[in-house]
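Dear colleague,

Please find below the structure that I am handing over to you.

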Amino acid sequence: MFYLGIDVSKGKLDCALLDAAKDKIKSKVVTNDVEGFSELQRWLKKQKAEVPHVVMEPTGVYHEPAAFFLSDAGLTVSFVNPSQIRSFAQ
């Protein structure tokens, strides 16, 4: 099983791909636009992780285009509440 964590900002997506079976993480940074989303999709295919579970923190409206693109591509997209992340870190 693969999990793709995405840290969203206005201009870019910082992505971390976890291969749970091998306990390995790979990272990729793409632009937060359709070109970047397509690049991310090609990278996932290259990693043989075409259907990861995507987890992202909603950031204003900046996460929406990526979430819709990935969901339309057939991926499961989940949102994590930012306050839960901060609480977990503490």
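Which pattern does the chain follow when read along the sequence? The pattern is β-β-β-α-β-α-β-α, and the secondary structure comes to three helices and five strands. Helices (H or I, at least four residues) and strands (E, at least two) are DSSP runs, numbered from the N terminus.

Please note that this is a predicted model, in which local features need pLDDT of at least 70 and side-chain atom pairs count only at pLDDT 80 or more, whereas totals for chains, interfaces and linings use all residues. Residues are numbered from 1 along each chain as its sequence is written, and side-chain values use heavy atoms, with hydrogens and water left out.

The sheet

The five strands form an open sheet with mixed pairing, in the order β3-β2-β1-β4-β5; two strands pair if DSSP finds at least two bridges between them. At the edges stand β3 (24-31) and β5, each of which pairs on one side only. Strands β4 and β5 run parallel and are joined by four bridges, and His53 stands opposite Thr76 in β5. Helix α1 packs on the sheet, where it touches β1, β2 and β3. The direction of α1 makes about 155° with that of β3 (axes are lines fitted to C-alpha atoms, for helices over the stretch in contact, and angles run from 0 to 180 degrees between N-to-C directions).

In α2, the residues Ala66, Ala67 and Leu70 are buried, where buried means under 20% relative accessible area, exposed over 50% and partly exposed in between (1.4 Å probe, protein chains only). Seen down the axis of α2, these buried residues fall within an arc of 100°, so they line one face of the helix; the arc is that of the directions from the helix axis to the C-beta atoms. The face turned away from the buried side carries the exposed residues Phe68 and Asp72. The buried residues of α2 pack against β1 (2-8), β2 (12-19), α1 (34-46), β4 and β5 (76-79), contact meaning heavy atoms within 4.5 Å. Just after α2, Gly74 takes a positive phi of about 95°.

His63 lies in the loop between β4 (53-56) and α2 (64-72). His63 is buried, with a relative accessible area of 8%. Leaving aside neighbours within four places in sequence, His63 is in contact with Val8, Met56, Glu57, Pro58 and Phe79.

The chain as a whole

Of the 90 residues of the chain, 28% count as buried. Along its principal axes, the C-alpha trace spans about 35 × 30 × 20 Å.

With kind regards
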